[in-house]
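Trainee: Could we go through the aromatic rings and the nonpolar core together?
Mentor: Gladly, let us look at the model first.
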Amino acid sequence: TLERYTGIPVDTVDTSDREVYGLFTSCKPLGLKPEDIMGCELGTWGIPEFGTPFAQGMLKEAKPQNFSDLLQISGLSHGTDVWTGNAQELIANGTCNISQVIGTRDDIMLALIRYGVEKSHAFKIMEMVRKGKGLTPEFEEEMRAANVPDWYIGSCKKIKYMFPKAHAAAYVMSAIRLGWYKVHMPIAFYCAMFTVAPGGFDAEIVMGGKSNVVAVMRDIQKRGKEASPKEQASIPVLQLINEAMARGIRFLPVDLQKSHSYAFQPENGAIRMPFSALAGVGENAAESIIKARNEEPFFSVEDLQIRAGLNKSVIE
C-alpha cells in the first residue's frame, strides 16, 4: 500500500536513518512534544509491534539505541515471563541493560558458548529454557563453573517461552521501514495505515476536529471497562488520528464525487476520507455508490438512493 502511494518500494528505504530510530525514544522526529499527543513521549503509534501501550512502556524503560536493542525488545514482548518480573526488574535495578538481558532464544546458546559452556550443552540448555523447562541441576552446575552470573541463571529459570531471533528481526525490519515513511512521507503513511487497519475510524468524530478526537478518547478512557469493546478497540486509531492532526495534517470530508470506497487518499497535502469512514456505510454500500457514480453524476438524493440501492440509514 505504501509503495502504491509513494512509488518507493518498502525494501529500498534507509534502515539506518537516525531520525527513524528516534521514534522509539521520543516524538521529536515527528516535530511534536508529548503534550501535543496526550502525553505520549514516543512516536510509535501505528508502528506494528511497537505501537501498543505495553510496548511503549517497554521502550521507555529500556531506552533502545540501535537495531540490536529493538530486536531485544521485540523478543521480550513476545515471550512469556521474559520481561515482566524478569528482564524488566534486572534493568530497573541496574543489574544489566537492554543489550545484556535474555531477549530471544538464540541469545542463550550464543551467550553460554561465549562463557565457555560446551556447545552441544549450550544448545540443549537453550531448548529447555525456551520451552519453559528451566535448568537441570547438572546444567546449572556447568553454567556456574563457567562463571555465568547468578542473575542470568535466575532469569533462565523464570522463562516459560522465548521468541526466535529471526522472527524478532523480521518484525523490527518491518517497523523501521514503516517508520521511515512515517517520518519522511507522513501523509502516505497515515493513508496506508488507515486504509489497511481502520480499526473503527469514524468520520463524524474526525470532522469535529482535534479537540473532539481527544475528548472522545478521554471519555472512553474515563469509563474504562464500562466502555463498549468497540469503543475500547478504537483507541489506537484515535491516537493515530490525533497524532496526524498534531502534525498539521487535515482530513477532508467524505465527498460524493472524490471519495474512494475504502481507501484513504492523499489530496493536496491532506487526506480524503472514504465512504467506509462513515459509521453505518458498509463495503457493499460503498462499492454501490462508486459503481453508480461511474455511470453518471448524481443529480439528487433520490437519484443516489435509487441507483446505488441504498437504505435510509446509509443515506442519512
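Trainee: Which residues do ring pairs link into a cluster?
Mentor: The cluster joined by ring pairs consists of Phe189, Tyr190, Phe194, Phe201, Phe251 and Phe264, where rings of Phe, Tyr and Trp (its six-membered ring) pair if their centres lie within 6.5 Å, and planes under 30 degrees apart count as stacked, over 60 as edge-to-face and the rest as tilted. This is a predicted model, in which local features need pLDDT of at least 70 and side-chain atom pairs count only at pLDDT 80 or more, while totals for chains, interfaces and linings use all residues. Residues are numbered from 1 along each chain as its sequence is written, and side-chain values use heavy atoms, with hydrogens and water left out.
Trainee: How many aromatic pairs does the structure hold?
Mentor: There are twelve aromatic pairs. In one of them, the ring centres of Phe24 and Phe50 are 5.2 Å apart and the planes stand at 80°, so this pair is edge-to-face.
Trainee: Are Phe24 and Phe50 buried or exposed?
Mentor: Both Phe24 and Phe50 are buried, which is to say under 20% relative accessible area, with exposed being over 50% and partly exposed in between (1.4 Å probe, protein chains only).
Trainee: And what about Phe201 and Phe264?
Mentor: Phe201 and Phe264 also form an edge-to-face pair, 4.7 Å centre to centre with 65° between the planes. Phe201 counts as buried at 8% relative accessibility, and Phe264 is buried at 2%.
Trainee: New topic: which residues have the most contacts inside the largest nonpolar core?
Mentor: They are Phe201, Ile241 and Phe251, in a core of 85 residues.

Definitions and conventions:
Core = buried A, V, L, I, M, F, W, Y, C linked by side-chain atoms within 4.5 Å.
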